[in-house]
Amino acid sequence: MSVMVKGENIHKIYRTGDVEVHALRGVNFEIYDGEFIVILGPSGSGKSTLLNVVGGLETAEDGVLTFRGETVDWGKKSFMTEYRRKHIGFVFQFYNLLPGLTALENVELAGELSSDPLDPKKLIEDVGLADRAKNYPSSMSGGQQQRVAIARALCKNPDVLLCDEPTGALDSKTSVQVLKLLWDFNRNYKKPIIMVTHNADIARIANRVFYFKDGVIDHIAENQNPENPEEINW
Amino acid sequence: MKSFWKNVLRLAIRNKGSMIGAILIISLGMLVFGGMLNGVVCTRTAKDSYIDRANVSDIFASVVGIPRSAAVSLTDIKGIRSVSGKLVQNIRMASIDSDDLTSLQVIGFDENESSDLVFLSGEPPRENDIYIGPRMQKEFNFQIGDVIDLTRDGVDMKFFFAGVCDSPLYMDVISESAYAQDGSVYDIAVIDKTRLEKICEKTDAYTTVTFMLENGYEFGDVKQEIEAALAPYGLKDLRERKEQDSIKSVNESIKVMLQAGVAFPVMFLAIAVFMLYSILRKMVARDQTLIGTMKAFGMTDGELISAYLVQGAAIGFLGAYLASWISPYFGEYLFNDSNSYYNFGGVYYTDITINALSFIIAMVTGVVASYLSVKMILQINPAQAMRPPAPTGGINLRLPSFLEKAGSLAKIGFKNVTRNPINGVLVATAVAFSFALVVSMGSFPGVLNKSLDMKYRVFEPFDINVTLTRFDDPDEIARSAMSIDGVIEAEGIGSFYGQILKGQKSDYKMMKFVNEEVAIRKIVDKDDVYHRPVAGGVLLNAATAKKLDVKKGDTIQILIPELSDRKVDFYVSDIVTEVIGGTAYFLFDSMPECFGVPKTANTLLIRTEKGRTNDVKAKLKEAFNSSMVTIASRDEYCFRLDMKSTSLVTTMLMGFGLIAGAIITYCISMINIRERITELGTLLILGEDHDSIGKMIIVEQMIYFLFGAVIGFPMSLGFCRVLTNLLTRDDLAMTIIPGWGVCGKMFLVELAVVLLSGFMQFLTVEKIKLTDILKERC
């Protein structure tokens, strides 16, 4: 497997007035094609910050991030926009659907940003919401909204899918459905997924698990036999 | 990016109250802009076409009398292309009614005239034909063939009404003794030139001489030579076309409309920008997570902002579109008012350029407001997609001591005001704007009434103004008048046309000579301060002083052909800004002392016993030879009519201001309450009752209202100043100040609007579904 994303000595500092928070303190990592990565760690350990940096949502103070060998130019806003547009897909904890668009339209929106989109209608069917395609987010449950959000993220046909606590706001049954969708995507399309979670049980579906502590990767655990989300009990 | 645009559009539709509010405010601005400008353009086109048709001259001179041959020789002056002239004479009418004293400015008609044409409704007049101006014709309903008797120096002359006549030079015909035109006592008339010459006993002579200039020449180039050439013929007045009384009066009316048509829409559009800014800014602030999400997905700032800009442009377009339906009616109404008043004979049309300009201005306004509000998109970090925005702190003011012990809701209500200062400022500004606009516009009638009351009943309380054809000693005239039964007070004054000179500058004015102890023709400035002329001095009207660059204490020269053919030095004892009218005032004693002529009055002012004005007027016919009579109450009535279009515009703007204020207050209040649905829902879940929340809302609304009223008063002073500047003319210097009565009424109206908005907020609170509040994530 080839390296898709690589980070070397990544530092990130948040400044609020005189207060500085060193969120990442020289993080090194590699993400390979087709991997399912889970990032675990306590609150404030830096896991979401790493996701943001990888996704091009935030810039790091120091270090180098490469995507398929090309250095991500943090200083250039247009490059960052293009990077996110072409390569990155996001799934958020609170879904972040556009309230003025129906489920299908939310998915189509992402398709409009991509030069090689997947079929929005098929994706809506794949996430099991064909009958709710014309519904607005306000009339859908949290689980349904998250499935729409996943379909939307996938519609761009991204190279990497980044998920920030995608099940954080869902019950266990719905969470399993959502994780299964992500797991299937990873398997079927051979595209890497990086997922941040608090839930240690979810780590069982990953190929590798990054354990974060105090802004650094404390250790990485490899999982030789990732489990199907439907087999996990929590 | 059609999906994102769709989202922006649907969110706008969800905020339809606010969006419709913004559209309506823009629409009001464009309604005033389009309507008034279209009215002005059509009026100006009609006026210009009227003037072009009449081939109006470039320069006008008024003389006691000049032979035709001498006038024609003035073409020798370099820069003068042609000279023409007319015999014009004020003559009284004798035949209408025994009680009426009406006068005509009779013009001798010459078929060979090529300039300054007078338009007749029929054939050129034969010896006994007479054409009369449209106002007098309408007033007395003259029909073709009616007998009209004129009387001059006791000699009666019979004429037959042949039709109506008009001319651009007589659009605004005001008798020398009045402040406003009144067809019931004075208008123009046209008779055969030869017949008029016989009446005046002047053959081949002009009293009005007009000049056409060569290309490239201006009035200033030939003024001095014309003055020198006409001085021997008793030059009474000399001015260029734009200063000609009638044309100037119309131009000033148009100017007021034009200025109001620009100034007031600017106010409305500024408010629309403010409102749109606040609405969109709140929408963007609320949606920053979603905007961050879009950025996280790779959308560019341009793609995101353009959706809002298109929305802003659409709001502007809809505002202009709505206005474009109504503004033509508004414009036509204004146009018809001027067109019929001045007899332009013009036709109303919709100027496409103004329509297009309205759309462009409205759309640019929408886009600018949108850009100002959504430019914060540039600052939204895509990482904000990952987390909901933290609640903003706002300003945490220390609670006033009386609120420390108050309940939680009172505290929340007070803190909400300070926590959302922009909301507070918006509602307060809406109240203040509406208050200020309505107060300033609504104060105009009060100021006008007070000015007219003071002028006609306190400063100049005479009932009848008689222009005499035979001059006499002022005291003698007054004594004669006092012998008439029903006369309480009488005063003779002198009114003469003349020239005021200061260095190279000069101006022509009707000048007044009065006694030191003026009784019923007091000279009072706009601050109600009395002024008296002094020996050897002149009280000078402020507009003339400004024109000639004269200050108090300066020495000026006066030339009054009817008194002397030499220029006399006077020092400016004071400069007076009169509310209405205004001229130069001298003491009667100056006549013998400075001009070397005996004291001579040609105008008689009479105050009559209550209800006896008509009796006295009838007796005046026998007692005095007069060319004109003005009844003060009628003059006041006509002056009010003259101000009708201004009053109409101020009333409309008052209405628009009230509507705009109500819309803005309502919309911002509703935005405010929608932002707080979660907070208020949580309070309800915690067990708070609706009434308590309603009281809290009322407390908040009252705070906004009080702030608005506090800001509104100084703002109304500013608006009054704008209105004062718009209305100020050479002969009108009214200072608009906020009237307490209007302030009081507006205070109550604004209070009602604010409380109604509070009630609407309360209804929204009643509709909150508590289960929805539980689903909220922040």
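**Salt bridges in close-up**

A search of the whole predicted model finds 41 salt bridges over all chains. Side chains of opposite charge can pair when their charged atoms come close. The views below show some of these pairs.

**View 1. Asp33(A) pairs with Arg68(A).** The closest N and O atoms of this salt bridge are 3.9 Å apart. The pair links distant parts of the chain, 35 residues apart. Asp33(A) sits in the loop between strand S2 (19-32) and strand S3 (36-40) of chain A. Arg68(A) sits in the loop between strand S4 (62-67) and strand S5 (70-71) of chain A. Asp33(A) is partly exposed, at 24% relative accessibility. Arg68(A) is also partly exposed, at 46%.

**View 2. Lys77(A) forms a salt bridge with Asp301(B).** Here the closest N and O atoms are 2.4 Å apart. Lys77(A) belongs to helix H2 (residues 77-87) of chain A, and Asp301(B) to helix H9 (residues 301-342) of chain B, so the pair joins two chains. Lys77(A) has a relative accessible area of 49% and is partly exposed. Asp301(B) has 13%, so this residue counts as buried, the cut-off being under 20%.

**View 3. Lys47(B) meets Asp48(B) in a salt bridge.** Their closest N and O atoms are 3.5 Å apart. Is Lys47(B) buried or partly exposed? Lys47(B) is buried, at 7% relative accessibility. Asp48(B) is partly exposed, at 34%.

Note on methods: Residues numbered from 1 in each chain as written. Chains lettered and ligands numbered in written order. Predicted model: local features only at pLDDT ≥ 70, side-chain atom pairs only at ≥ 80, totals over all residues. Heavy atoms only, no water. Salt bridge = Lys/Arg side-chain N within 4 Å of Asp/Glu carboxyl O. Helix = DSSP H or I, 4+ residues; strand = E, 2+ residues; numbered from the N terminus. Buried < 20%, exposed > 50% of the residue type's maximum accessible area, 1.4 Å probe, protein only.
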